[in-house]
Amino acid sequence: MSNPEIEDIPIRDDMIRLGQLLKLANLVEDGVEAAELINNGLVKVNGEIDDRRGRQLHHGDTVTVNGQTVRISTPAGGGA
């Protein structure tokens with residue numbers, strides 16, 4: 001079983017919320033769709049289902065929706 005290609009999504013700050021990321025990465029059309037996917041348990045963060053739309057994501061975190069995976073990339077690269 002091969003790993004699907006993971007797309008890096010650069011963000012300006014060191015954190016982004018799950019609902020915002022789904023829109024930024026074009027995984028959803030709008031916040032309503034993001035909320036529905038999250039509430040229905042269709043979004044995985046770092047391989048585990050997460051139902052918190054406000055979940056904070058940081059450098060290196062991965063989000064999977066509908067078989068498409070993206071990874072957070074921050075300017076600092078996670079270094080504080």
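Me: Ground rule for this one: buried means under 20% relative accessible area, exposed means over 50%, and partly exposed is in between. Is Arg 71 buried or partly exposed?

Reply: Arg 71 has a relative accessible area of 30%, so it is partly exposed. Keep in mind that this is a predicted model.

Me: What does Arg 71 form a salt bridge with?

Reply: Asp 8. The closest N and O atoms of Arg 71 and Asp 8 are 2.7 Å apart. The pair links distant parts of the chain. Arg 71 is in strand S7, residues 68-73, and Asp 8 is in strand S1, residues 6-10.

Me: How many salt bridges in total?

Reply: Three. One joins Asp 50 and Arg 52, at 2.9 Å from N to O. Another joins Arg 55 and Asp 50, at 2.4 Å from N to O. Shared partners join Asp 50, Arg 52 and Arg 55 into one network.

Me: Asp 50, buried or exposed?

Reply: Asp 50 sits at 5% relative accessibility, so it counts as buried. Arg 52 is partly exposed, at 47%. Arg 55 is partly exposed too, with a relative accessible area of 21%.

Me: New topic. Which residues have the most contacts inside the largest nonpolar core?

Reply: Leu 18, Leu 21, Leu 22, Val 43, Leu 57 and Val 63. That core has 19 residues.

Me: Take Val 63. What is it in contact with, leaving aside neighbours within four places in sequence?

Reply: Val 63 is in contact with Leu 18, Leu 21, Leu 22, Val 43 and Leu 57, among others. Its list also includes Lys 44, Val 45, Gln 68, Thr 69 and Val 70.

Me: Which residues line it?

Reply: The largest pocket is lined by Ile 11, Arg 12, Asp 13, Met 15, Ile 16, Gln 20 and Leu 24. The lining divides into four nonpolar residues, one polar and two charged.

Me: Down to the end of the chain. Where is Pro 75, and what does it touch?

Reply: Pro 75 is in the segment after S7. Residues up to four places away in sequence aside, Pro 75 touches Ile 11, Arg 12 and Asp 13. Ile 11, Arg 12 and Asp 13 are among the residues lining the largest pocket.

Me: Is Pro 75 buried or exposed?

Reply: Exposed, because Pro 75 has a relative accessible area of 62%. Its C-alpha atom is separated by 24 Å from that of Gly 47, a residue 28 places away along the chain.

Me: What about Thr 74, buried or exposed?

Reply: Thr 74 has 7% relative accessibility, so it counts as buried. Thr 74 is found in the segment after S7. Not counting residues up to four places away in sequence, Thr 74 touches Ile 11, Asp 13, Asp 14 and His 59.

Me: Backbone check. What is phi of Asn 46?

Reply: Near 50°, a positive value in a residue other than glycine. Asn 46 lies in the loop between S3 and strand S4 (48-49). At 37% relative accessible area, Asn 46 is partly exposed.

Me: And phi of Asn 66?

Reply: Phi of Asn 66 is near 50°, again positive in a residue other than glycine.

Me: Where does Asn 66 lie?

Reply: In the loop between S6 and S7. Asn 66 counts as exposed, because its relative accessibility is 66%.

Me: How far apart in space are Asn 66 and Leu 37?

Reply: Asn 66 and Leu 37 are 9.6 Å apart, C-alpha to C-alpha. In sequence they are 29 residues apart.

Technical notes:
Residues numbered from 1 in each chain as written. Predicted model: local features only at pLDDT ≥ 70, side-chain atom pairs only at ≥ 80, totals over all residues. Heavy atoms only, no water. Salt bridge = Lys/Arg side-chain N within 4 Å of Asp/Glu carboxyl O. Helix = DSSP H or I, 4+ residues; strand = E, 2+ residues; numbered from the N terminus. Buried < 20%, exposed > 50% of the residue type's maximum accessible area, 1.4 Å probe, protein only. 1 Å grid on protein atoms, 1.4 Å probe; cavity = no way out; pocket = protein on both sides within 12 Å on 5 of 7 lines; lining within 4 Å. Nonpolar A, V, L, I, M, F, W, Y, C, P; charged D, E, K, R; others polar. Core = buried A, V, L, I, M, F, W, Y, C linked by side-chain atoms within 4.5 Å. Contact = heavy atoms within 4.5 Å.
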